[in-house]
Amino acid sequence: METKKMTYMQALRMAMDEEMARDDKVILLGQDVGILGGAYGVTGDLYHKYGPDRVIDSPLAENAIVGFGIGAAMYGWKPIMEIMKMDFSMVALDPIVNHLAKYRYMSGGQVGHMQAVVRTAIGGGTRSGPHHSQSIYHLFAGFPGLKVVCASTPEDAKGLLKAAIRDKDPVFFCEESAAYRIKGEVPLDPDFIVPIGKSRTAHEGDALTVCGFGTAVLKATKAAGMLADEGIDINLIDLRSLRPLDLDPVVDSVKKTGKLLIVDEFTETYGITGEIAFQVTQACFKDLKMPVQRLTLPDTIIPAGPVMEDWVMLSPDKIAAKVKELINA
């Protein structure tokens, strides 16, 4: 398959460009997505290519963005709604989980599909303060009717976003702001997709099983490289999707290694790690050499100060240190 090296951001843009060219029912809306090319530059020149009727600059109102998208989806359009930061998705929590996720179920067949994507950037460590740094995807993963995914590589960024746009149900699509400028080989095939609900092995090894979602996987991938230089090869699994949740590769790995570390850039309390730990423990109770371990953020608000923020957030060094601690335990 022919590929081209590009950034994560360019891969996302290519996915939207190809899907808009493929289907004129695909529209894009959000704050600054048009003339300015997106707050982070992701949408680029799509406005000039497809015009203001399909790339729509919205007011600074997340409720309005999602509300418009819901109405459009009910009438057969396929909206891609951009919410600049995941923190701001809380403003639109009601329309996302009580309407977008439920209308197809509640319509009694009158609404055949709710084909819509909510795109948003996740991740802290950017000196953006408490209102711009949270990864709260677990909230949305708790609601049936809504799929929740995140890409950790440029290849997955293209393939997963295309799969999300084509999906018959609404998808909450998390983008790693820390990955926007990371480069990788991306397939150029316009029909290339990455199926939603399938985990991937990001690094192969048998010393310990590590799994995660979102920005934590980026940092764990760097940690895996550092550990490999010391002769320690972990089996790192990128979940890619929280709903549906594919834990089969994690279970298979834990049955071989006997130990699991879950990494996540949310607090340990009330986060997604508790659900993952429970399911894996249930499936691997006799195989585990020790209780499932977690490495998360401390139970505190993410600070704006650089020194304090670095202390709170995950890092490759912290993950590598925790892995070595568990291997020697």
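**Surface and charge**

I looked up the accessible area first: the protein chain exposes about 14,000 Å², and carbon and sulfur atoms supply 54% of it. The areas come from the Shrake-Rupley method with a 1.4 Å probe, and for residues only the protein chains shown count as cover. I note that the model is predicted, that local features need pLDDT of at least 70 and side-chain atom pairs pLDDT 80 or more, while totals for chains, interfaces and linings use all residues. Residues are numbered from 1 along each chain as its sequence is written, and side-chain values use heavy atoms, with hydrogens and water left out.

I then took the charges: 35 positive and 42 negative side chains, with the centres of the two sets 2 Å apart. Lys and Arg count as positive, Asp and Glu as negative, and His and the chain ends are not counted. Each charge is placed at NZ of Lys, CZ of Arg, CG of Asp or CD of Glu.

**Overall form**

I find 12 helices and 14 strands in the protein chain. The radius of gyration is 20 Å, close to the 20 Å that the globule rule gives for 329 residues, so the chain is as compact as a globular protein of that length. That radius is taken over C-alpha atoms, and the rule is 2.2 Å times the number of residues to the power 0.38. Helices (H or I, at least four residues) and strands (E, at least two) are DSSP runs, numbered from the N terminus.

The C-alpha atoms fill a box of roughly 60 × 45 × 40 Å along the principal axes. Of the 329 residues, 56% count as buried. Buried means under 20% relative accessible area, exposed over 50%, and partly exposed in between (1.4 Å probe, protein chains only). For contacts between residues at least 6 apart in sequence, I read that 82% join residues at least 24 apart. A contact is heavy atoms within 4.5 Å.

I followed the pairing from strand 2 (residues 26-30), which pairs with strand 4 in the parallel sense over five bridges. Strands pair if DSSP finds at least two bridges between them. Glycine 30 has glutamate 82 of strand 4 as its bridge partner. Seven of the eight residues of strand 4 (residues 78-85) are buried, so this strand is largely enclosed by the rest of the structure.

Strand 4 also runs parallel to strand 5 (residues 117-122), joined by five bridges. Lysine 85 stands opposite alanine 121 there. Strand 5 in turn is joined to strand 7 by six bridges, again parallel, with threonine 120 bridged to cysteine 174. I found strand 6 (residues 147-151) paired with strand 7 as well, parallel over five bridges, and alanine 151 opposite glutamate 175.

Six of the six residues of strand 7 (residues 171-176) are buried, so it is largely enclosed by the rest of the structure. In a regular strand the side chains alternate between the two faces of the sheet. In strand 7, Val171, Phe173 and Glu175 point one way, Phe172, Cys174 and Glu176 the other, and all are buried.

I looked up cysteine 174 in strand 7 and found 0% relative accessibility. Not counting residues up to four places away in sequence, cysteine 174 touches Tyr8, Met86, Thr120, Ile122, Tyr137, Val149, Cys150 and Ala151. Alanine 157 is 17 residues away in sequence and 9.7 Å away in space, C-alpha to C-alpha.

Serine 135 sits in the loop between strand 5 and helix 6 (137-141) and is buried at 2% relative accessible area. With the same exclusion of residues up to four places away, I list Met86, Ile122, Gly123, Glu265 and Phe266 as touching serine 135. Phenylalanine 266 is 131 residues from serine 135 in sequence but 6.1 Å in space, C-alpha to C-alpha.

**Backbone exceptions**

Most residues other than glycine have a negative phi, and most peptide bonds are trans. I checked the departures.

- Aspartate 32 has phi near 65°; it lies in the loop between strand 2 and helix 2 (46-50) and is partly exposed at 28%.
- Arginine 240 also has phi near 65°; it lies in the loop between strand 11 (235-238) and strand 12 and is buried at 12%.
- Arginine 243 and proline 244 are joined by a cis peptide bond, omega about 0°; proline 244 is in the loop between strand 12 (241-243) and helix 9 (248-257).
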